[in-house]
Amino acid sequence: MTRDVFYLKIQNDGGDMKKNYLILFLLLMFSTFANSQIKVTVLEDSIYSQSLKAYSKFNVILPVNYFMSDERFVTIYLLHGYTGDYNDWVSRTNLVKYARDYNFIVVTPDGKNSWYVNALNKKNHDYEDYIVKELVPYIGKRFRALDTRHGRAIAGLSMGGYGALRLGLKYSNTFFYSASFSGAFHFPVALAKENEKETKSKLLKDAFDIFGSKEGSFWDDCDIFKFIDKANTASLPYIYISCGKDDYFELLEGNRKAVYELQKKKALYEYHELPGAHNWIYWDKAIDDVLYKLSRYDNLKP
């Protein structure tokens, strides 16, 4: 029976890390040579985060020839949506199948319901710092990642689309490419409309916990449209935005507004508004397209 994926879980609980990774290396080398049908390696790993004061899990998808060369690879940080987790992209799309055709390392972090920002009203919930200041350096040291700006892309869906675009804009010296699928760009802007209403919506309650209930400098730091407006066009990453025509009205309008702002800035971007809704069918097609586009990125440069 043909095996397309090799799964391995690393138990990273503060024990002997050198021993853990020696075992990992030996297992992967044995598996690579013992079974030529193995195409992609999926590792489940974790690190202790000072920003979260807890261990946080993530998957790392390694390309087919990772153990057959000394090459360093472009890394894609792929963010999940609200109520999701680090396994979503692996278990709910054909990502692993698509990855067989490309030389990318793909990392799927766990962002809880954080919106990938440093929460205003939640202790030990600094997911922005976790991603940028802890996970990215860890991947650069632990794996043969191309550990420069031009070796890192960030992408995500819905809440993760918001996170990917915001982190791409804010840390343009860290990521050369930022892709958003069905990005929920209207947070925290939408909170201003709900601020005087009583609501039991978990989504809005979580958002108030993350963003707070008053406009100010923190909201400005979280506002996609203000980020685009104040951005230095020359330093922006290449931006990919995609949204389904049948998505939620506010969300679709938010994507159109982001594109309008990018047009005004004369930024390098592409926008896809295609048939589809806010679901995994759409996001599966979107990640397939981004992997292809990233593999041909040189053709996008001016």
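How many bridges join strand 3 to strand 5, and do the two run parallel or antiparallel?

Modeller: A word on the basis comes before the reply. This is a predicted model, in which local features need pLDDT of at least 70, side-chain atom pairs count only at pLDDT 80 or more, and totals for chains, interfaces and linings use all residues. Residues are numbered from 1 along each chain as its sequence is written, and side-chain values use heavy atoms, with hydrogens and water left out.

Strand 3 is joined to strand 5 (residues 104-109) by 4 bridges, and the two run antiparallel; here strands are DSSP runs of E with at least two residues, numbered from the N terminus, just as helices are runs of H or I with at least four, and two strands pair if DSSP finds at least two bridges between them. Within this pairing, Ile61 has Val106 in strand 5 as its bridge partner.

Strand 3 (residues 54-62) also runs antiparallel to strand 2 (residues 40-49), and 9 bridges join these two.

As for the setting, the chain has 11 helices and 9 strands, and 56% of its 302 residues are buried, where buried means under 20% relative accessible area, exposed over 50% and partly exposed in between, with a 1.4 Å probe and protein chains only.
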